[in-house]
Amino acid sequence: MHEWYAAPMEGLTGWRWRQVHAALFGPADRYYTPFLSPNANFEFQTKELQEIAPENNRDLPVVPQILTNRAEYFIWAAKECQSRGYGEVNLNLGCPAGTVTAKGKGSGMLRDPAKVDAFLDGVFSRAEGPVSVKTRLGVEKPEEFAAILEIYNRYPISELTIHPRVMRQQYRGQADHAAFAAALPRCTMPVCYNGDVTTAAQLHALEEEFPTLSGIMVGRGLIADPALFRRARGGAPATKEELRGYLTDLYHGYTELFGSAGCAISRMKGHWFYLIHCFAGAEKLEKQLKKLREPWEYEVVVNQIFTLPLVEND
């Protein structure tokens with residue numbers, strides 16, 4: 001059986017979520033943090049320090065993810081993580097967000113393979129522990145990946161997570177299985193697959209199709225079904241009571257973290273965007289959920305959602 005990882009998703013998979021998810025549905029084999037973005041001051045923001053605080057990740061298999069295009073920033077951030085007890089760190093060369101790629105970071109770095117080569121040389125010449133990489137196939141078309149992979153193969157990357165889309169796709173269209181299948185035999189390092197895994201059946205189908213994978217990373221699918229890994233291991237789907245407890249714990253956790261139920265509601269809307277589809281006939285309540293702002297409104301609508309039956313799926 002391959003290892004199954006929780007993908008980093010900004011605003012969704014922070015330390016509060018990791019604690020709640022692991023406690024209620026069993027931990028993922030690894031949780032990747034939303035990206036840390038080191039700067040010229042060589043300081044982490046408060047929320048980034050919370051992400052990697054050992055007490056917030058106790059007994060959880062957490063891998064900090066770092067987003068930068070400067071090798072010296074990466075090395076500093078990696079050492080900060082290692083000093084807190086993290087073995088592996090992950091380099092983000094996959095984020096397609098416009099605010100990230102405009103600065104030549106994330107998948108924006110893939111525009112210039114020569115710069116990627118120089119950057120990786122600077123990283124691996126000084127890195128003191130395992131460094132994994134998360135990537136896309138390219139910027140405009142998947143054919144770009146051959147040249148990019150040639151560069152990756154020059155370095156001792158501990159694991160390469162490939163999301164088989166290009167930067168310009170964002171998360172639209174289908175993940176390119178054919179391009180992934182073509183690239184896999186040419187990879188000299190362990191490879192993890194990431195992209196469009198939303199059911200236990202899809203997880204197992206990937207394992208069957210690509211038996212040499214070291215892992216499979218799931219993002220949106222795990223937010224939409226927090227019991228996905230448990231089901232894939234032969235366990236039960238999430239019950240309504242479990243989902244209620246999960247969402248209540250998240251809501252209270254975010255309220256405590258932000259010191260405001262209003263801020264917590266904003267964060268919960270991100271989770272509900274995916275989770276609402278677990279409930280049959282929730283379309284009208286979904287619209288209400290998007291508009292509400294007050295805690296009492298939130299609680300009323302959530303109570304109404306939980307009167308609906310769960311959607312049955314595999």
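## Burial and overall form

Buried residues make up 53% of the 314 residues in the protein. The model is a predicted one. Its C-alpha trace spans about 55 × 45 × 35 Å along the principal axes. For 314 residues, a compact globule would have a radius of gyration near 20 Å. The protein has 20 Å, so the value agrees with that expectation.

Take the contacts with a separation of 6 or more: 72% of them join residues 24 or more positions apart.

## Surface and charge

The accessible surface comes to about 13900 Å². Carbon and sulfur atoms account for 53% of that surface.

The protein carries 34 positive and 37 negative charges.

The protein has 14 helices and nine strands. Nine strands form an open sheet with parallel pairing. Their order is E3-E2-E1-E9-E8-E7-E6-E5-E4. Strand E3 (62-63) and E4 stand at the edges. Each has a single partner strand, so one side of each is left without a neighbour in the sheet.

In general, strands of a sheet pair through backbone hydrogen bonds, either parallel or antiparallel. Here, strand E1 (residues 3-6) and strand E9 (residues 215-218) run parallel, joined by four bridges. Within this pair, Trp4 has Ile216 of E9 as its bridge partner.

## Strand E5, an enclosed strand

Strand E5 covers residues 89-93. Five of its five residues are buried, so E5 is largely enclosed by the rest of the structure. Both faces are covered. Val89, Leu91 and Leu93 are buried on one side. Asn90 and Asn92 are buried on the other.

E5 pairs with strand E4 (residues 65-66). Two bridges join them, and the two strands run parallel. Ile66 has Leu91 in E5 as its bridge partner.

Is Gln65 buried or exposed? Its relative accessible area is 2%. Buried means under 20%, so Gln65 counts as buried.

Which residues does Gln65 contact, leaving aside its neighbours within four places in sequence? Two of them are Asn90 and Asn92, which lie on one side of E5. Gln65 also contacts Thr33, Pro34, Phe35 and Leu36. Pro8 and Lys134 complete the list.

Methods
Residues are numbered from 1 along each chain as its sequence is written. This is a predicted model: local features need pLDDT of at least 70, side-chain atom pairs count only at pLDDT 80 or more; totals for chains, interfaces and linings use all residues. Side-chain values use heavy atoms; hydrogens and water are left out. The radius of gyration is taken over C-alpha atoms; the globule rule is 2.2 Å times the number of residues to the power 0.38. Buried means under 20% relative accessible area, exposed over 50%, partly exposed in between (1.4 Å probe, protein chains only). Contact means heavy atoms within 4.5 Å. Accessible areas come from the Shrake-Rupley method with a 1.4 Å probe; for residues, only the protein chains shown count as cover. Lys and Arg count as positive and Asp and Glu as negative; His and the chain ends are not counted. The place of a charge is taken as NZ of Lys, CZ of Arg, CG of Asp or CD of Glu. Two strands pair if DSSP finds at least two bridges between them.
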